[in-house]
Amino acid sequence: MSDRAPERVPILLISCYELGHQPLSLAWPQALIRQAGFSVSTLDLAVQPFDLAAARAARLVAIAAPMHTALRLGVAAATQVRRSNPQAHICFWGLYAGLNAAILLETVADTVVGGEDEAALVRLAEALASGARPAGLWAGALVDGRDRPPLARPVLPVPDSRGLPPLDRYARYVSKGVARLAGYVEASRGCLHTCQHCPIVPVYGGRFFVVPAEVVLAHVRQQVAAGAEHITFGDPDFLNGPGQARKVTRALHAEFPRLTFDFTTKVEHIIKHRALFAELADLGATFVTSAIESLSPLVLERLQKGHTAADIDMALDILDNAGLALRPTLVAFTPWTRLEDYVALIDFVEARGLQTHIPPIQLGIRLLLPPGSPLIHAPDAVLWLRELDASNFTYRWEHPDARMDRLHGQVAARLALADERREPAPETYAAVRALALTAAQAGPDRIARTLPDRLPARPDPPRLTEDWFC
Ligand code: SF4
């Protein structure tokens, strides 16, 4: 056996949560790792039980942490791996792994690959095969933990989904009451923008890379062959590269005229590229996810979202005219959100009939402050920032107005009840609005106006069965 024999390093890739879709955090590294000659198996703990035999057989276990929920579940998985196979080398990789490298290295990880660098995983496996004992922040060689690993244009092959659970184990696309299998692809990575609360920014610093169109289309073909009738473009922002978006969707529609798709883009891009949306709808787009986050000028300025409340209204009109549904996401609670802002947000949702477009769970989303977030250096942070809660991978914060933290607790409890009851969204919106108005000591007249039938909600929009959740 040679010094660098891949046979010495069987690899287990673990994903814990990817918003209900078949994980690209398994399919993409699997493609690169197989190309390099290593034997690899995959485990998606979102839909599969823990595989003790696979954990025991692995020399390298790479756990994906593309988002906060995935990271927390990943730590539990790493503990199980460590217990069943103390010799295994455990590596965390992905956006949230890099942000939380110090905590992970102190606790469960041998190495951490910052960002979405699959090639670094291959280099890690090669290092292990050659007998090295890598430790710490890893980019292909050990790097100073205080420095960001160099960000290079990724060379991405077509993702390899072999061995992954079939698409019917994942979220479906639902339109007009009919559920269909959904696939998930990415046409770009990173983002040109620098919203202050976004985990992409510390890793990409305002850069983005397109995935070659032929790779994207080959992946779409793979997903269609697996039964997908709808594709989600999971790019952080599909319109960072409008030329790429047009090229890919035109080719997709030419080959699969019945295939529908959705994508994510920011309010600013909806306005800037307004001329594009009618064509995207003709090509099969059915809905657009957009992080509107808040209507408060102060919150939008602190998050550097690049849009105003008036822009949100305008973006909604543009999508309405194109026949596309807007699926907004919110950061409902931040240190700068006042009670009146919270009520105004619900009023806006009700006024535009969007109760069915924004899952009520979003009314309880509270700003997350992972280590590395630029917001912890905000000029007013002394008023609300508390200590790092390492076990939860976030800084604690308390609102300067104690009523907001109390309201958050009440809203969270009410949302849990709504979920249990499977309550219609407009009813939940009305109940949460009443809670906020009560906290603001509004008069009974104002609270009474929140009857569920006060404003008609739009019909259910096309959607995926898994709600967005960070
Ligand atoms: S536009 Fe979206 S993906 Fe880009 S930095 Fe802002 S929140 Fe993140």
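A residue is counted as near a molecule or strand if its C-beta atom, placed from the backbone, lies within 6 Å of it. On that basis, the ligand is surrounded by Cys191, His193, Thr194, Cys195, Cys198, Ile200, Val201, Pro236, Asp237, Lys266 and Ala291. The model is predicted: local features need pLDDT of at least 70, side-chain atom pairs count only at pLDDT 80 or more, and totals for chains, interfaces and linings use all residues. Residues are numbered from 1 along each chain as its sequence is written.

**Ligand shell**
- The shell around the ligand comprises seven nonpolar, two polar and two charged residues.
- In these classes, Ala, Val, Leu, Ile, Met, Phe, Trp, Tyr, Cys and Pro count as nonpolar, Asp, Glu, Lys and Arg as charged, and the others, Gly among them, as polar.

**Overall fold**
- The protein contains 17 helices and 17 strands, taken as DSSP runs numbered from the N terminus (helices: H or I, at least four residues; strands: E, at least two).
- Its radius of gyration is 23 Å, close to the 23 Å that the globule rule gives for 470 residues, so the protein is as compact as a globular protein of that length.
- That radius is taken over C-alpha atoms, and the globule rule is 2.2 Å times the number of residues to the power 0.38.
- The C-alpha trace spans about 80 × 55 × 40 Å along the principal axes of the protein.

**Helices α15 and α16**
- Helix α15 (residues 402-421) and helix α16 (residues 425-439) have axes that come within 10 Å and cross at roughly 160 degrees; axes are lines fitted to C-alpha atoms, for helices over the stretch in contact, and angles run from 0 to 180 degrees between N-to-C directions.
- The two helices are therefore roughly antiparallel (under 35 degrees counts as roughly parallel, over 145 as roughly antiparallel, 65 to 115 as roughly perpendicular and the rest as oblique).
- Residues of α15 that meet α16 include Arg403, Leu407 and Ala418, where contact requires C-beta atoms, placed from the backbone, within 7 Å.
- By class, this contact has nine nonpolar, two polar and three charged residues.

**Helices α1 and α6**
- Helix α1 (residues 24-35) packs against helix α6 (residues 118-129) at about 45 degrees, with the axes 9 Å apart.
- α1 and α6 are therefore oblique to each other.
- Trp28, Pro29, Leu32 and Ile33 of α1 make the contact with Glu118, Ala119, Leu121, Val122 and Ala125 of α6.
- The residues of this contact divide into eight nonpolar, no polar and one charged.

**Helices α8 and α9**
- Helix α8 (residues 213-225) and helix α9 (residues 242-255) pack at about 40 degrees, their axes 10 Å apart.
- α8 and α9 are therefore oblique to each other.
- Ala213, Val216, Leu217 and Val220 in α8 meet Gln244, Lys247, Val248, Ala251 and Leu252 in α9.

Definitions and conventions: Contact = placed C-beta atoms within 7 Å.
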